[in-house]
Amino acid sequence: MPAACESVLEDIEDIVSAEDLRPQDRQFVRKNVFPKVRKRNSQKNVQTDDEPPSDSIIPGVQKIWIRTWGCSHNNSDGEYMAGQLAAYGYKITDNSAEADLWLLNSCTVKNPAEDHFRNSIKKAQEGKKKVVLAGCVPQAQPRQEYLKGLSIIGIDRVVEVVEETIKGHSVRLLGQKKDNGKRLGGARLDLPKIRKNPLIEIISINTGCLNACTYCKTKHARGDLASYPIEELVDRAKQSFQEGVCEIWLTSEDTGAYGRDIGTDLPTLLWKLVEVIPEGAMLRLGMTNPPYILEHLEEVAKILNHPRVYAFLHIPVQSASDSVLMDMKREYCVADFKQVVDFLKEKVPGITIATDIICGFPGETDEDFLETMKLVELYRFPSLFINQFYPRPGTPAAKMPQVPAAVKKKRTKDLSQLFHSYNPYDHKVGERQRVLVTEESFDSNYYVAHNPFYEQVLVPKDPLLMGKMVEVNIYEAGKHFMKGQPVSDARVHTASITRPLAKGEVSGLTEVSKR
């Protein structure tokens, strides 16, 4: 039997072109799938089967459990994979124990996430489950020892690879999608998907990035910048609203860099998108690095003031030391970050700025860290993601002299204590706010809504509120949330022009069937 097809990896989604077969057609014609029989092997972490591969197994009837780690981009990938599998006939289950196959969609940003991924593989093998791997870990390092013998996929070939894995074969479909030598974006946006939340559509506007941060492993997996055309993104948004979505998240490794590879830019995309957002629905802009948003500050400020766009922006600073930023190859200085934040705070009153900080990057001195503490004290970010530095194998930062573990741990603790020393929402008690209700709280005691600044507001669990934009009176505030009571005489906005899809229902089936 031919050897498994492996190639140099750039991006999880780089395995399809416009000429490729649709998912529903692949049951009849299989191209470029080269199964390899798994050999019995006593070596640790190599998947084995108790029975030899069998083509007599009927695919499309098994139960599949999907686990996703990481960012909203990764979650969107997971939704697309679930949608295609469900459209083919597989049952997507929340019960890992009853599943015949585990589809593990990984994140390579932090060591703990990869450790969870590795442990899940081991658990699946111990439970005699079939395993298919996706995401940034196998894409960045497909030849790691613990991945040997396991199937690895990108989004839109998931049906084929799952089917072959169910039969006992090991399949690897990796590679780049190009047009005349130019790298294209990710998987088609019109593929079927199952939204984790039927009210929220996550749209990846581009894959990859333009940076080369010394600590980052994601670039190894997703590659250089490749943007989707504006018309495709607008069409995806329109279809989402037709399926009952009331909130859209734009995501990518760096939304600010959107369009630089295809002759357009982020503001042009955003102005086109706001034209199709119905009343009562909202758009949230994803993470952007300082260098690229600097070029569009005026236009971005205008867009963030739009009534159907959250006045929210996630801008990772990582460190307030220019020397550390230089070692990170972040391509901006602290003054650039401050310019972005100060300008947006002035032009977009009340805006929420979220940021990330890495504690204990190689070479970070006590003085460097003190500058970071001062920056947090100055801006008092309401949303702050604090990360203790973990060296990622194969990155330049992993080869630099490391800060002692005890020092990293203390700096992380000190910054966390500073963050928890202030309450950003206390002054909002007594306000009347307009909020969009989209989720249930983790403790299941409340519904979760967000006000125009994407600040979390907990409201009573009234099913009539879900998916609606309502007005509430704020009566309590915590560190990460407010609590609001709906105003009885206020108008309720319903964004949905149709009923939302049920949880687990596949989106895009009608659209796909027409093609």
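**Exercise 1. Describe how helix α6 packs against helix α7: at what angle do the axes cross, and which residues make the contact?**

Solution. In this predicted model, the axes of helix α6 (residues 230-242) and helix α7 (residues 266-274) come within 10 Å and cross at roughly 30°; helices here are DSSP runs of H or I with at least four residues, strands are runs of E with at least two, and both are numbered from the N terminus. Axes are lines fitted to C-alpha atoms, for helices over the stretch in contact, and angles run from 0 to 180 degrees between N-to-C directions. The crossing angle therefore makes α6 roughly parallel to α7, given that angles under 35 degrees count as roughly parallel, over 145 as roughly antiparallel, 65 to 115 as roughly perpendicular and the rest as oblique.

The next step is handedness: α6 and α7 cross in the right-handed sense, that is, with the near helix turned clockwise from the far one by less than a right angle. On the α6 side the contact (heavy atoms within 4.5 Å) is made by Ile230, Leu233, Val234 and Ala237, and on the α7 side by Thr268, Leu269, Lys272 and Leu273. By class these residues comprise six nonpolar, one polar and one charged, where Ala, Val, Leu, Ile, Met, Phe, Trp, Tyr, Cys and Pro count as nonpolar, Asp, Glu, Lys and Arg as charged, and the others, Gly among them, as polar.

Residues are numbered from 1 along each chain as its sequence is written. Local features need pLDDT of at least 70 and side-chain atom pairs count only at pLDDT 80 or more, while totals for chains, interfaces and linings use all residues, and side-chain values use heavy atoms, with hydrogens and water left out.

**Exercise 2. Determine how helix α11 and helix α12 are oriented, and which residues join them.**

Solution. Helix α11 (residues 334-347) packs with helix α12 (residues 366-379) at an angle of about 5°, and their axes lie 13 Å apart. The two helices are therefore roughly parallel to each other. From α11 the contact draws on Val334, Phe337, Lys338, Val341, Asp342 and Lys345, and from α12 on Leu375, Leu378 and Tyr379; the classes are six nonpolar, no polar and three charged residues.

**Exercise 3. Work out the strand order of the sheet that contains β10, and identify the helices that pack on this sheet.**

Solution. The open sheet has three strands in the order β10-β13-β14, with parallel pairing, two strands being paired if DSSP finds at least two bridges between them. Because β10 (200-204) and β14 (282-285) stand at the edges with a single partner strand each, one side of each is left without a neighbour in the sheet. Neighbouring strands of this sheet are turned by 20° against each other on average, direction ignored. Five bridges join β10 to the parallel strand β13 (residues 247-251), and isoleucine 200 has glutamate 247 of β13 as its bridge partner. Helix α1 packs on the sheet by touching β10 and β13, its direction making about 105° with that of β10, whereas α6, which also touches β10 and β13, makes about 170° with the direction of β10.

**Exercise 4. Trace the chain from β2 to β3 and state the handedness of the crossover.**

Solution. Strand β2 (residues 63-68) and strand β3 (residues 91-93) are parallel and share three bridges, with isoleucine 64 opposite isoleucine 92 in β3. From β2 the chain passes through helix α1 (residues 72-88) to β3, a right-handed β-α-β crossover: with the strands pointing away from the viewer, the path from the first strand over the helix to the second runs clockwise.
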